[in-house]
Amino acid sequence: MASADKPINTDVPEKDVFALHFLQSLSNLRRQNTFNSPEKTNDRVKKIKKAAYVSMARAAGGTSRLWSRALLRRAAKETNKVVRFSRRKKRVTWLRRRSNRRDPVEEEEKEAERLRNLVPGGGAMETSKLIEETAYYIKCLSMQVKVMQCLVDGLSPK
Amino acid sequence: MSGRRSRSRQSSGTSRISEEQINDLIIKLQQLLPELRDSRRSDKVSAARVLQETCNYIRNLHREVDDLSERLSELLANTDTAQAALIRSLLTQ
């Protein structure tokens, strides 16, 4: 019954790919004199963070993934205005309403909504696509974190 | 909004886009989460729980990126040493 579509591929590129992209972003930042100038630290941090997400999106295949496409689009829009992932400020009051009707599918949909807020571009995806994109997103995120951790470790004074 | 379209097409209250497919994906997702990865096989984790853990995990990762960005920012502030160290650190992986 389940239409056998192409198997869900959640392989991510190797760590070097992420590292390479991130390094490129960082060296771009350096060229813009981000690190020398006595900017406010906050600005610098935000730029680095943005570089991290953008390079991650590129490493993951740029526009071949919905979430990376959304990320890049978002970054291109706010070249100056740096913003964290703007989670729709829905107060989580609708979460655990102690109703007797614990319809499992409803709960699932609620969580899916939360997930949609977290994964870039998630608002436009249907649930199955969302889950697939999430898997890939998680892998890439953890890869990016590893790369950044290595950098930090390497740069920290011994 | 092709997503919306297919969602409403099969709307009978639930998003019945091939439950099997979704369950399959949920299982794959579960294996990615460090929290739930080593849960007892017999105890099937509910989809909602997997999604919930996923949200938490993603938030954690975001937080880590924030954190590491801060530290990187401090470390990269002194560029002379940073340049060499940067290359060095990634070549010695």
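What share of the contacts in chain A between residues at least 6 apart in sequence join residues at least 24 apart? I looked this up before anything else. The share is 60%. I note here that the model is predicted.

**Entry: the two chains**

I listed the elements of chain A. I found five helices and zero strands. Along the sequence they read α-α-α-α-α. Chain A has 158 residues, and buried ones make up 46% of them.

I then turned to chain B. Chain B also has five helices and zero strands. From the N terminus its pattern is α-α-α-α-α. Of its 93 residues, 42% count as buried. I checked the contacts in chain B with a separation of 6 or more, and residues 24 or more positions apart account for 16% of them.

**Entry: helix α2 of chain A**

I picked helix α2 of chain A, residues 41–59. The helix has 19 residues. From first C-alpha to last I get 27 Å, close to the 27 Å expected at 1.5 Å a residue.

Which residues of α2(A) are buried? My list holds R44(A), V45(A), I48(A), K49(A), A51(A), A52(A), Y53(A), V54(A), S55(A), M56(A), A57(A) and A59(A). I then asked what covers them. The cover includes α1, α3 (66–77) and α5 of chain A. Helix α4 of chain B is part of the cover too.

D43(A) also sits in helix α2 of chain A. Is D43(A) buried, exposed or partly exposed? Its relative accessible area is 32%, so I put it down as partly exposed, since that class lies between 20% and 50%.

Just after α2(A) I stopped at G61(A), which takes a positive phi of about 115 degrees. I took the distance between D43(A) and G61(A), C-alpha to C-alpha. They are 18 residues apart in sequence and 27 Å apart in space.

**Entry: α1 against α5 within chain A**

Next I looked at helix α1 of chain A, residues 15–31, and α5(A). Their axes come within 9 Å and cross at roughly 60 degrees. The two helices are therefore oblique to each other. Their crossing is right-handed.

I wrote down who meets whom. From α1(A) come K15(A), F18(A), A19(A), F22(A) and L26(A). From α5(A) come C140(A), M143(A), Q144(A), K146(A), V147(A), M148(A), C150(A) and L151(A). This contact divides into ten nonpolar residues, one polar and two charged.

**Entry: α5 of chain A against α4 of chain B**

Last, I crossed from one chain to the other. The crossing is left-handed.

On the α5(A) side the contact is made by T134(A), Y137(A), I138(A), L141(A), S142(A), V145(A), M148(A), Q149(A), L151(A), V152(A) and L155(A). On the α4(B) side I count in T54(B), Y57(B), I58(B), L61(B), H62(B), E64(B), V65(B), L68(B), S69(B), R71(B), L72(B) and L75(B). How do these residues divide? I get 15 nonpolar, six polar and two charged.

I see M148(A) in the list of residues that meet α1(A), and again in the contact with α4(B). L151(A) also meets α1(A) and takes part in the contact with α4(B).

Terms used. Residues are numbered from 1 along each chain as its sequence is written. Chains are lettered from A and ligands numbered from 1 in the order in which they are written. This is a predicted model: local features need pLDDT of at least 70, side-chain atom pairs count only at pLDDT 80 or more; totals for chains, interfaces and linings use all residues. Side-chain values use heavy atoms; hydrogens and water are left out. A crossing is left-handed if the near helix is turned anticlockwise from the far one by less than a right angle, and right-handed if clockwise. Helices (H or I, at least four residues) and strands (E, at least two) are DSSP runs, numbered from the N terminus. Contact means heavy atoms within 4.5 Å. Ala, Val, Leu, Ile, Met, Phe, Trp, Tyr, Cys and Pro count as nonpolar, Asp, Glu, Lys and Arg as charged, and the others, Gly among them, as polar. Axes are lines fitted to C-alpha atoms, for helices over the stretch in contact, and angles run from 0 to 180 degrees between N-to-C directions. Angles under 35 degrees count as roughly parallel, over 145 as roughly antiparallel, 65 to 115 as roughly perpendicular and the rest as oblique. The expected span of a helix is 1.5 Å times one less than its number of residues. Buried means under 20% relative accessible area, exposed over 50%, partly exposed in between (1.4 Å probe, protein chains only).
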